[in-house]
Amino acid sequence: MSLLENKKKKLLEKKLHEYAIDIKSELIHISFLLSFSGGLDSMVMFEELIRIRKKYPFILGLAHINHNMHNQSKKMENFCKKVARKNNIPIYVDNLQFPSKKNFESTARKLRYRFLNK
């Protein structure tokens with residue numbers, strides 16, 4: 001592991017601890033929900049959270065939002081479910097449907113946040 005990679009890993013762990021302090025709790029008593037697409041960025045974040053969770057067994061869940069916008073959407077959803085099952089982590093899935101592509105980004109954002117807040 002490079003020095004830069006090690007610093008980034010320590011930074012994430014530090015930020016999680018700072019968050020716990022901010023909310024006057026301990027890391028092991030906090031639940032995190034990772035919005036998980038199954039893409040590279042969310043996989044890297046997921047792997048890091050799993051690594052940190054081995055030291056501090058906080059609760060971790062995944063949220064996958066399937067926008068149903070390309071022919072690989074269902075495949076990505078199934079991949080996310082498989083990763084969750086393999087790691088014994090709950091996953092919450094929402095399938096979005098868009099009757100119109102008009103104002104797609106704004107509509108999709110509102111629907112995602114509604115799901116994540118729920």
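This is a predicted model: local features need pLDDT of at least 70, side-chain atom pairs count only at pLDDT 80 or more; totals for chains, interfaces and linings use all residues.

**Salt bridges, rings and sheet**

Biologist: What does K15 count as, going by its relative accessibility?
Modeller: At 47% relative accessibility, K15 is partly exposed. Buried means under 20% relative accessible area, exposed over 50%, and partly exposed in between, with a 1.4 Å probe and protein chains only.

Biologist: Which residue meets K15 in a salt bridge?
Modeller: E18, at 3.8 Å from N to O. The cut-off: a side-chain nitrogen of Lys or Arg within 4 Å of a carboxyl oxygen of Asp or Glu. K15 and E18 both sit in helix α1, 3 residues apart, about one turn of the helix. E18 is partly exposed too, at 30%.

Biologist: How are helices and strands assigned?
Modeller: They are DSSP runs, numbered from the N terminus: helices are H or I with at least four residues, strands are E with at least two.

Biologist: How many salt bridges does the count come to?
Modeller: The count is 7. One of them joins E13 and K55, with the closest N and O atoms 2.9 Å apart. E13 lies in helix α1 and K55 in helix α2, so this pair ties together parts 42 residues apart in sequence. E13 is buried, at 10%.

Biologist: Which residues are joined into one network?
Modeller: First, one more pair. E77 and K74 form a salt bridge at 3.0 Å between the closest N and O atoms. Both lie in helix α3, 3 residues apart. E77 is buried at 1%, while K74 is partly exposed at 45%. Now the network: salt bridges with shared partners join E13, E48, R51 and K55.

Biologist: On to rings. How many aromatic pairs are there?
Modeller: A search of the whole structure finds 3. Rings of Phe, Tyr and Trp (its six-membered ring) pair if their centres lie within 6.5 Å; planes under 30 degrees apart are stacked, over 60 edge-to-face, the rest tilted. Y19 and F32 have ring centres 6.0 Å apart and planes at 50°, so the pair is tilted. It links distant parts of the chain: Y19 is in helix α1, F32 in strand β1. Y19 is partly exposed at 40%, and F32 is buried at 18%.

Biologist: What about F36 and F46?
Modeller: Their centres are 5.4 Å apart and their planes at 50°, so this pair is tilted. F36 is in the loop between β1 and α2, F46 in helix α2. Both are buried. Separately, Y19, F32 and F58 form one aromatic cluster.

Biologist: And the sheet: what is the strand order?
Modeller: β1-β2-β3, in an open sheet of 3 strands with parallel pairing. The edge strands are β1 (31-35) and β3 (91-95). Strands pair if DSSP finds at least two bridges between them; β2 (residues 59-66) has 5 to β3. N66 stands opposite N95.

Biologist: Where is P90?
Modeller: In the loop between α3 and β3. P90 is partly exposed, at 39%. Leaving aside neighbours within four places in sequence, P90 contacts L60, G61 and L62. Contact means heavy atoms within 4.5 Å.

Definitions and conventions. Residues are numbered from 1 along each chain as its sequence is written. Side-chain values use heavy atoms; hydrogens and water are left out.
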